[in-house]
Amino acid sequence: TSEIHHVAREGNLKRLQIILEKKPNEIDILDSSGWSPLFYAVLGQSMSVIRFLVKKGARTDLTDDIQCNLIDYAKNKNKHTVSSKILKKAMGLTSGKLNFFKKSCQEYLIKEFKCAEKLNKKVLIILGESHGDFKVYQLQKIILTLAKALGIDWVYTENTSEKPCEF
């Protein structure tokens, strides 16, 4: 963990500004767990540092080495907080866009299930890895939730971490 990570966690906005003036490319520098300074600001619950880093263009779509993202850490008991809402907005994940995607997927999956049923076939849904992209992760969550609602009894996922993030 470098100085910028410590400063972000402590919420020391003035020191963070000085560091980024000298080394602007450190805004998204990752530690050994895949955490950027923005992760540390979220952990320290420093709204001024969160807002500053987002305004400066820090990546909000990163996931760490166990595929958890900034919003996972910003939530409190799985409920959105001010910081998680700021991060979602910065990512462009508005409820309108997510609902549109959900409705489109639902219509498509229902059509495919009906077609498969007529042909006495099954539907296979294959989702690739999110590769640290939170937007892809959110879309995968929607698809898995819809699949479950449509009666898919089980899903195989690749997850080697001891503490997977909740769907």
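Biologist: Before that, what am I looking at, and what are the ground rules?

Modeller: This is a predicted model, where local features need pLDDT of at least 70, side-chain atom pairs count only at pLDDT 80 or more, and totals for chains, interfaces and linings use all residues. Residues are numbered from 1 along each chain as its sequence is written, and side-chain values use heavy atoms, with hydrogens and water left out.

Biologist: What does the protein average in pLDDT?

Modeller: The average is 83, and 86% of the residues score at least 70. pLDDT is the predictor's confidence in each residue, from 0 to 100.

Biologist: Where does pLDDT stay under 50?

Modeller: Over residues 161-167. The model has 13 contacts beyond four places in sequence for that stretch, a contact being heavy atoms within 4.5 Å.

Biologist: OK, the fold. How many helices and strands are there?

Modeller: Eight helices and zero strands, and along the sequence the pattern reads α-α-α-α-α-α-α-α. Helices (H or I, at least four residues) and strands (E, at least two) are DSSP runs, numbered from the N terminus.

Biologist: And how much of the protein is buried?

Modeller: 36% of its 167 residues. Buried is under 20% relative accessible area, exposed is over 50%, and partly exposed is in between, using a 1.4 Å probe and protein chains only. If you take contacts between residues at least 6 apart in sequence, 62% of them join residues at least 24 apart.

Biologist: How many residues are in the largest nonpolar core?

Modeller: It has 32 residues, and Leu16, Leu20, Leu38, Ile50, Leu53 and Leu87 have the most contacts inside it. A nonpolar core here is a set of buried Ala, Val, Leu, Ile, Met, Phe, Trp, Tyr and Cys residues joined through side-chain atoms within 4.5 Å.

Biologist: Which elements give two or more residues to this core?

Modeller: Helix H1 (3-10), helix H2 (13-22), H3, H4, helix H5 (70-74), helix H6 (82-91), H7 and H8. H3 gives the most, with five residues.

Biologist: Take Ile50. What is it in contact with?

Modeller: Leaving aside neighbours within four places in sequence, Ile50 is in contact with Leu38, Ala41, Val42, Ser83, Ile86 and Leu87.

Biologist: Switching to H2, which residues are buried there?

Modeller: Leu16, Ile19 and Leu20. Looking down the axis of H2, the buried residues fall within an arc of 95 degrees, so they line one face of the helix. That arc is taken from the directions from the helix axis to the C-beta atoms.

Biologist: What covers the buried residues of H2, and what does the face turned away carry?

Modeller: The cover includes H1 and H4. The face turned away from the buried side carries the exposed residues Lys14, Glu21 and Lys22.

Biologist: Next, Asp64. Buried or exposed?

Modeller: Asp64 is buried, with a relative accessible area of 4%, and it is found in the loop between H4 and H5.

Biologist: Which side chains does the side chain of Asp64 make a polar contact with?

Modeller: One is that of Trp35, at 3.0 Å, and another is that of Tyr73, at 2.5 Å. A polar contact is a pair of N or O atoms within 3.5 Å; within protein, one must be able to donate a hydrogen and the other to accept it, and residues adjacent in sequence count only if both atoms are side-chain atoms. Not counting residues up to four places away in sequence, Asp64 touches Ser33, Gly34, Trp35, Phe39 and Tyr73.

Biologist: What about Arg59? Where is it?

Modeller: In the loop between H4 and H5. Arg59 is partly exposed, at 38% relative accessible area, and its side chain makes a polar contact with the side chain of Asp61 at 3.0 Å. Beyond four places in sequence, Arg59 is in contact with Asp28, Leu38 and Leu70. Asp28 is 31 residues away along the chain, with the two C-alpha atoms separated by 6.6 Å.

Biologist: Last topic: what is the phi of Gln45?

Modeller: About 55 degrees, so a positive phi although Gln45 is not a glycine, and at 67% relative accessibility Gln45 counts as exposed. Gln45 is found in the loop between helix H3 (37-43) and helix H4 (47-55).

Biologist: And Asn120, where does that one lie?

Modeller: In the loop between helix H7 (95-118) and helix H8 (134-149). Asn120 has a positive phi near 60 degrees and is exposed, with a relative accessible area of 70%.
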